[in-house]
Amino acid sequence: MEDPVFGRLLLSTPAQRVYRADPRTLWAGTRLWEKQRAFREARAAEIAAYKKKHPEGGWPGVVTVVQDEGVGAVVDGQHRLGAAWLLCLLYTSDAADEG
């Protein structure tokens, strides 16, 4: 099952759903939960720079999204999501430059 924002459904239980999301659609299709700490673009850029230098391994943790008034709200992982989105932009522009 494919969701336009969350991507491919990997697991569904009564309590949660786990997706394999594309950072671009997740970034565009959700908002930050207003009670979460402020998103700092500099922190996301710092994480992105580290992951660009050290691509081995995965990402620590997950991005947690809850449905709030029918809209996905990121309650944890906003800086990891921002970093993944920045890397997508970087690699998309690199590919365009090569083509």
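## A tour of the salt bridges

Begin by selecting Arg 31, which at 28% relative accessibility counts as partly exposed, where buried means under 20% relative accessible area, exposed over 50%, and partly exposed in between, with a 1.4 Å probe and protein chains only. Glu 34 is itself exposed, with a relative accessible area of 56%.

Before going on, note that this is a predicted model, in which local features need pLDDT of at least 70 and side-chain atom pairs count only at pLDDT 80 or more, while totals for chains, interfaces and linings use all residues. Residues are numbered from 1 along each chain as its sequence is written, and side-chain values use heavy atoms, with hydrogens and water left out.

Next, select helix H2, residues 41–53 (helices, H or I, of at least four residues and strands, E, of at least two are DSSP runs, numbered from the N terminus). Within it, Arg 43 and Glu 46 lie three residues apart and are therefore separated by about one helical turn; they form a salt bridge whose closest N and O atoms are 2.8 Å apart. Arg 43 has a relative accessible area of 32% and Glu 46 one of 49%.

Finally, select Asp 76 and Arg 80, whose side chains meet in a salt bridge at 3.6 Å, N to O; Asp 76 is partly exposed at 38%. A search of the whole structure finds four salt bridges.
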